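Please look over the model below before reading these comments. They concern the packing of secondary-structure elements.

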Amino acid sequence: MLDSKLLRNDPEAVAANLARRGFAFDAAAHAALEESRKTLQVRVEELRNERNVASKGIGRAKAAGEDIQPLLDAVESLGAALKTTDDELAVVRARLDDVEAGLPNLLHASVPDGKDEADNVEIRAWGEPATPAFEVRDHVDLGVALGQLDFDAAAKLTGARFSVMRGGLARLHRALIQFMLDLHTEQHGYSEVYVPYIVNSDSLRGTGQLPKFGADLFALNGEHEYYLIPTAEVPVTNLVRDEIIDADQLPLKYVAHTPCFRSEAGSHGKDTRGMMRQHQFEKVELVHIVRPETSYAALEELTGHAETVLQRLGLPYRIVALCAGDVGAGAAKTYDLEVWIPSQNRYREISSCSNCEAFQARRMAARWRNPDTGKPELVHTLNGSGVAAGRALIAVIENYQQADGSIRVPDVLQPYMNGLDVIAA
RNA sequence: GGAGAGAUGGCCGAGUGGUCGAAGGCGCAUGAUUGGAAUUCAUGUAUACGGUAACCCCGUAUCGAGGGUUCGAAUCCCUCUCUCUCCGCCA
C-alpha cells in the first residue's frame, strides 16, 4: 500500500513512478474518486456530529426529568439521512480501496529502467564457471541415472511439477538447508524461527500476495480461508503485523526454513523439465525488520548474506539489479542472485532480495516507536532467499558432476553428510 | 470433539445503555527535590482520518471482528475469530 497522503497530494508523481514499471495509474480518475470520498466523508461526519450533540442533549434532559419527546422528534430524520450518505460513502471507499490495494510499490531511484528480465543490470559476478573436458549433463539426467531423482514417482503420487528424491541426493538437499541455517544463525546474526506453512488471508494481504496475486497460491478447501505459503516471507514478515516494536529491538533479523507452495498458474510451458520450477520446494528465507533510514544498507547486507552461501558452496553466480519492469509489486528495489547452471550455459535465479520499504509495513500496521518523536512510525521490511534449496541442489549437482556421473560433495556440506565426499550410484 | 470463562489504551485492570477516549495502577516523558542516583511530588502521556499552512485547536471513528436494536452502545442482541480452564482424543 502506498502512503495515502502522497496519493492525494501528488498523484502525478505516483503515476510517473509507477509508469516506470509499465503500470498505468489513472491519477485523474483517482483524484475524482478521492474528491467525492472527501465530500461524502465530511458530510457524514457533520451528520454524525449533529446526532451526537442531539443525543447528548437527550441524555441530559432525561437525567433532569424533562420531557424528551420534542427532542426525539427533532432528530427523527437524521438517522435516514446519515444512513443514505454513509452508504454512498461506503461505495466510494470500496472503489478507492480496490484501486489502492492493487497499486504496486514506488520504485527506488536507483532501480534501472527496463521492461523485463532482459533489461536487468549485472552488478557483479563471482567465481568462474568450470569448463569440463566431458559433456555436461543436466540434473535430471544425472539424478535419474543415480536412481536418486524420480519424477515418475512424483507424478504418480501427485502430478506434474513435483519430485521425489532418494538416498544421497535427498540427504544433500537436507544438508544444504542445515548448512544455510547454521551459517545465518551462527555467523550472520539471525534468529531462527519456525512458522506455520498455512496462513490466513490477512497475512497474505499484509505482504501483498492478496488481493492481486491469489492465482499463484494454493488455497485450502476446509472451513477456514487458509492458504499454503508461497514463501516464508509471508509468515515471517507477518510476525510484526499489528505490533509496535521497541527501538532497541531493531533490527530484527529472522531466518526460517520452510517449504514453499506455488501454483505458478501463469508459467505453464516454462522450465517444464526437472526441479527448476516446482509446485513445492524448500527455501531458507531471510527477513529484516529495520528502521527506515537503514533499509538500503540492510538490503546490501542481506544480499551479501545470500552471496556468502553460494561462495561457501563454491558456486559461480552473478548479482543483477532488477529493472523497473521486473521488480515485484511489493518491492522498491530488488537484487537477484543468479547461479551458474552448466547444462543451460547460463545463470538462473536462486535468490531474490528485496527492500519493500514501508509498503508491507503500512498494510500490516507494523511500527516501531521512534525515540526521537516518541511516536509509532512504520518500519521497513526486507526479505530475501538465503537461498532456494531446490535450485541450490540443482546447481550443486550440475556444477559438481564428474565424468562418471557421480557428484562431488562440496567441502562445506561434507560435515552434514557424515563425511561423504562423493555421491555415486 | 464436549462443557465453561474470557477478549478494554504500550502493559495490567475498572466500567452492564447517556457529557466514556474510557477510572485506577504500571511503564514512559518533562519539571521539582538531590552533590549524583534511588525515593518522593507535580504535570503530561493512544491511533487513524477530515477541517487546516499547522505535530495548537475543532470534528469523526476506534473498547477482538462483522452485522443488528436505539435519539444514543465498551455496555443489549446475532454471527464469526481468538485465548484460557476442565474432560476426551492425539504426534
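1. The model is predicted. Its open sheet has eight strands, in the order β1-β10-β11-β12-β15-β9-β8-β4, and the pairing is mixed. At the edges are β1 (121–126) and β4 (191–192), each of which pairs on one side only.

2. Within this sheet, β12 (residues 346–355) and β15 (residues 380–388) are antiparallel partners, joined over three bridges. Serine 354 faces asparagine 383 of β15 across the pairing. As background, the strands of a sheet pair through backbone hydrogen bonds, in either a parallel or an antiparallel sense.

3. Helix α8 packs on the sheet, where α8 touches β4, β8 (252–261), β9 (280–290) and β15. The direction of α8 makes about 10° with that of β9.

4. Helix α11 (residues 295–313) lies across β1, β8, β9, β10 (317–321), β11 (333–341), β12 and β15. Its direction runs at about 10° to β15.

5. Helix α8 (residues 167–187) also meets helix α13 (residues 389–399): their axes come within 10 Å and cross at roughly 115°. The crossing of α8 and α13 is right-handed.

6. Which residues make the contact between α8 and α13? From α8 come Leu169, Leu172, His173, Leu176, Ile177 and Met180; from α13 come Ala389, Gly390, Ala392, Leu393, Val396 and Ile397. By class, the residues of this contact are ten nonpolar and two polar, with no charged ones.

Conventions
Residues numbered from 1 in each chain as written. Chains lettered and ligands numbered in written order. Predicted model: local features only at pLDDT ≥ 70, side-chain atom pairs only at ≥ 80, totals over all residues. Heavy atoms only, no water. Axes fitted to C-alpha atoms, helices over the stretch in contact; angles between N-to-C directions. Helix = DSSP H or I, 4+ residues; strand = E, 2+ residues; numbered from the N terminus. Left-handed = near helix turned anticlockwise from the far one by under 90°. Contact = heavy atoms within 4.5 Å. Nonpolar A, V, L, I, M, F, W, Y, C, P; charged D, E, K, R; others polar. Pairing = 2+ DSSP bridges.
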